[in-house]
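This report describes selected features of one protein structure, from a single residue to helix packing, a sheet and aromatic pairs. Please consult the sequence and structure shown below while reading.

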Amino acid sequence: MTSSDLAYQPAGRPDTSGYVDWDFAKATGRRLVQAGPVVTPAQAAVVVDELRSAAQRSRIPVAETARMHSPVGSSPVLIVDRPGWIDANIDSLQSMLEPVVIAMIAKRKGPAQAMSATVQNIGGKVTGAEAGALMSFLSSKVLGQYDLAPDGTPRLLLVAPNVLQAENEMGVDPGDFRLWVCLHEETHRVQFTAVPWLRQHIIDSARQLSLDLAPDPEQLGATIRKLAENLPDALRSGGNGLTDIFATPEQRVQIAKVTAIMALLEGHADVVMDDVGPAVVPSVQRIRARFQERRKDVGGVDKFLRRLLGLEAKMRQYRDGAAFVRAVTATVGTDGFNEVWASAEMLPLPEEIENPSIWVKRVHG
């Protein structure tokens, strides 16, 4: 099945509400979310205003450094709290996964068995609760995000309480840190708005991978046994979490390709934010050092969940992607590096992220 198959939704499509209760997911996430830093309404208003200003001030330096320019008026900036981030991401997750669920229903073996309303309701709430709990955990970790909004309007989200908590914990200059965060997130906004094909390419790739990784209902028992047998090793390795257990060798190849793209995006954003930094963020070196320490300083239950969800692998994306960007730029310059955005075929492969000279030779000869 191709990615275009996933985008096609015929008339009379199956009802997916019995698979995930998205409203219950939002309610669960909001109920479980941790409270952010305690501030007065006036203090909160100042943080929101400064983040909005920092997002605007980051645009010209990022565009000039990356040599990439967004169309005027593209992608609004929203300052949100943790419940707002949960709602936005559950909406996007629903849009991302609904075509996958429809495709799974269509490919079920044997005659479709009608579920009672009670069974559907329970099943949807169980999966909804799982999605809500996951988003609740992540909502306190994310400083900012470019929301692809598969069936809606993409926008840049900045999570005010998380930015405030991070700057307090690290003891860094608030104004500098807020601008530094915005430089990273603005780079993501530019990536997806200056490169028109990139957003849909990521959406299609994620949908196809989700469909490929979804367990076959007839094999659910074997899947659960595999999980029990392999989970300890997966957690010790600090790899891609649950996907390391469920994925076949062929699926791991596809995961590696998607991971390479994400490493490019995250690494590029880190490089641009740090290259811009000295000119507009006086304390950028202190911020980067403290931020790297904060990324490493994770333990207990939080570390367990990060490994389970593959978030430690995401931390490596920043490092490996940044090394790729710097190596390519040092060889062929910024304009030469920007050939990476010319088409999907120009995106780096996993082996090219690890050895940038292979990409340079493939693209530039």
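## Surroundings of Asp 87

Leaving aside neighbours within four places in sequence, Asp 87 is in contact (heavy atoms within 4.5 Å) with Lys 26 and Arg 30. Asp 87 belongs to helix H5, residues 82-106; helices (H or I, at least four residues) and strands (E, at least two) are DSSP runs, numbered from the N terminus. Its relative accessible area is 17%, so Asp 87 is buried. Buried means under 20% relative accessible area, exposed over 50%, and partly exposed in between, with a 1.4 Å probe and protein chains only.

This is a predicted model, in which local features need pLDDT of at least 70 and side-chain atom pairs count only at pLDDT 80 or more, while totals for chains, interfaces and linings use all residues. Residues are numbered from 1 along each chain as its sequence is written, and side-chain values use heavy atoms, with hydrogens and water left out.

## Packing of H4 and H12

The axes of helix H4 (residues 59-66) and helix H12 (residues 249-280) come within 10 Å and cross at roughly 115°. Axes are lines fitted to C-alpha atoms, for helices over the stretch in contact, and angles run from 0 to 180 degrees between N-to-C directions. On the H4 side, the contact is made by Pro 61, Val 62, Thr 65 and Ala 66; H12 contributes His 268, Val 272, Asp 275, Val 276 and Val 280.

## The sheet

An open sheet of 3 strands has the order E1-E3-E2, with mixed pairing; two strands pair if DSSP finds at least two bridges between them. Strands E1 (77-80) and E2 (144-147) are the edge strands, each pairing on one side only. E1 and strand E3 (residues 155-159) pair in the parallel sense over 4 bridges, and Val 77 stands opposite Leu 156 in E3. Helix H8 (residues 174-194) lies across E2 and E3 and runs at about 10° to E2.

## Aromatic pairs

The structure holds 6 aromatic pairs. Rings of Phe, Tyr and Trp (its six-membered ring) pair if their centres lie within 6.5 Å; planes under 30 degrees apart count as stacked, over 60 as edge-to-face and the rest as tilted. The ring centres of Phe 177 and Phe 291 are 6.4 Å apart and their planes lie at 50°, so this pair is tilted. Because Phe 177 lies in helix H8 and Phe 291 in helix H13 (residues 284-296), the pair ties together parts that are 114 residues apart in sequence. Phe 177 counts as buried at 0% relative accessibility. Together with Trp 180, Phe 177 and Phe 291 form one aromatic cluster.
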